[in-house]
Amino acid sequence: MLKKIIILVFVTCFACFNTIFAAESGGMPQLNPEFWISQIFWLIITFGILFIVLTKVILPKISDNLETRKSQILENIETADKQKEESQKKIDEYEKIILESKIKAKNYFNDAREKILEDINKKRAALEKDINEEISSTENELSEFKKSSGEKVTKIAAETSAELIKELIGEGVNSSSIAAIVEDQAKINKERKDVI
Amino acid sequence: MASNPMYQFNVYRIGPEIKLGSVDISFTNASLFMVISSLAILIIFNLGAKKKTLIPDKLQLLSELSYTFVAKMISDTAGSKAKPYFSFIFSLFMFVLFCNMFGMIPYAFTVTSHIIVTFVLAAFIFIGVTIIGFMKHGLGYLKLFVPSGVPMVLLPLIVVIEIISYLSRPISLSVRLFANMMAGHTMMKVFGGFVISLGIVGGWLPLSFSVALTGLEILVAFLQAYVFAILTCIYLNDALNLHH
């Protein structure tokens, strides 16, 4: 059994090599084993050196760079957050101050307004009082004048009518009776006026 | 000979023949490009890691983005347990990527288009992952070949399939990278040859193809390096976190 397997392996190896060399002679330089050892040798050397230098020198530096950058960025973000908080505080304070001063200004304004209003009211009251007094005094004068003017008118009317009658008739009439007639007439006129 | 599309994969000796015993370890053009790729990686990443500024400059940004890219790739596929293997996967990814990319320069040699190079890398990964698996789980690592929830009748078949698929990992890993690189470069060479042979009248079509292929090949160069690295992560994940 084992012998058979070994023989089989040999046969397949032989066939493989045969086909490989056939391919090489057909124009595949890759299958020419002349420089295989040399290629393996130089591959191991170059790749080995590359691997060792990268592992020992370069990659730690790069990862170090990345780490420091990461930590620095995190630090910066932290400080930025802190500063943001501080600035938020400051903004709050500022807003508070502004609000307070606004309220103060409003109060001042209201006070001033009230004062002014009071002043105005006082002055207005005084003025109104004055005006009212003036009006009442004027009205009194007017009514007195009216009264006196009415009496005067009746007097004048009586005198005039007495003169007229004297001229017309030629003799004097009792002035008191004329006055009574004129008064009556004036009353009637007044009533008429009132009715109208 | 130069018009042969496979000619670009020829390995030839640069400088004197170096022999270690009876083994030829001469410095070849393949070795040269391995050295160039490694040096380029070391120079770029060393410059990128040198300065310690809060706001990175271009090279620093490049190296740091690559670092986080690979770190994320590993943590996504293999979890946090794979952190000790970060530097290996990072070097692997960068080495394959730079070899692929340097191969895209005209007249340059593509190191990863050689099966022996990719196979050595894949075999190293395979052996390393297997050793890690057995060290972490002892013989319990063999449970990897026995998926849970499989009917007893099918179990022998499934175990055989699992073992075959496990053993074929280094081959699939190496052949995937090698074949992709070789096929792409061969195709570009073929279309380049068409440009010459069709001349100024008919050469425009293969030329435009060549241009498109160059873009595609750059994509493939990145993608294959990524696939190589991510498959390594997946194998590592199998070894570190035994799910089955």
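**Entry 1: chain B, overall.** I began with the contacts. In chain B, 65% of the contacts with a separation of 6 or more join residues 24 or more positions apart. This is a predicted model, so I looked up the confidence before going on. Chain B has a mean pLDDT of 89, with 98% of its residues at 70 or more. For the complex, the predictor gives an ipTM of 0.89 and a pTM of 0.71.

I then listed the elements. Chain B holds 7 helices and 2 strands, and along the sequence they run β-β-α-α-α-α-α-α-α. I get about 65 × 55 × 45 Å for its C-alpha trace along the principal axes. Of its 244 residues, 32% are buried.

**Entry 2: α3(B).** Which element of chain B has the highest mean pLDDT? It is α3(B), at 94, while strand β1 (residues 19-20) of chain B has the lowest, at 81. I checked the length of α3(B) too: its 18 residues reach 25 Å from first C-alpha to last, close to the 26 Å expected at 1.5 Å a residue. I counted 13 of those 18 residues as buried, so α3(B) is largely enclosed by the rest of the structure.

**Entry 3: the core.** I looked up the largest nonpolar core next and found 58 residues in it. B:I89, B:F93, B:F95, B:V96 and B:L236 have the most contacts inside this core. Which elements give it two or more residues? They are α2 (36-169) of chain A and, from chain B, α1, α2, α3, α4, α6 (169-202) and α7 (204-240). The largest share, 10 residues, comes from α3(B). A reminder to myself: nonpolar side chains in soluble globular proteins tend to be buried together.

Setting aside neighbours within four places in sequence, B:F93 is in contact with B:V70, B:A225 and B:A229.

**Entry 4: α6(B).** I found a kink of about 55 degrees in α6(B), centred on B:I196. The buried residues of this helix include B:P170, B:L173, B:L177, B:M181, B:H185 and B:M188. I noted that the buried residues of α6(B) pack against α3, α4 and α7 of chain B.

**Entry 5: where the chains meet.** I counted 37 residues of chain B in contact with 31 residues of chain A. On the chain B side, the elements giving two or more residues are β2 (23-24), α1 (29-50), α2 (58-78), α3 (86-103) and α4 (115-137). α1(B) makes the largest contribution there, with 10 residues. By type, the chain B side splits into 22 nonpolar, 12 polar and 3 charged residues.

**Entry 6: chain A.** I turned to chain A last. Buried residues make up 9% of its 196 residues.

I took A:E133 as a spot check. A:E133 lies in helix α2 of chain A. Is A:E133 buried or exposed? It counts as exposed, because I find 10 C-beta neighbours inside 10 Å, and the cut-off for exposed is 12 or fewer. I also took a distance from there: A:E133 and A:S143 are 10 residues apart in sequence and 15 Å apart in space, C-alpha to C-alpha.

Definitions and conventions: Residues numbered from 1 in each chain as written. Chains lettered and ligands numbered in written order. Predicted model: local features only at pLDDT ≥ 70, side-chain atom pairs only at ≥ 80, totals over all residues. Contact = placed C-beta atoms within 7 Å. Helix = DSSP H or I, 4+ residues; strand = E, 2+ residues; numbered from the N terminus. Nonpolar A, V, L, I, M, F, W, Y, C, P; charged D, E, K, R; others polar. Expected span 1.5 Å × (residues − 1). Buried ≥ 20, exposed ≤ 12 C-beta atoms within 10 Å, placed from the backbone. pLDDT = per-residue confidence, 0-100. Core = buried A, V, L, I, M, F, W, Y, C linked by C-beta atoms within 7 Å. Bend = angle between axes of the 7 residues up to and from the residue.
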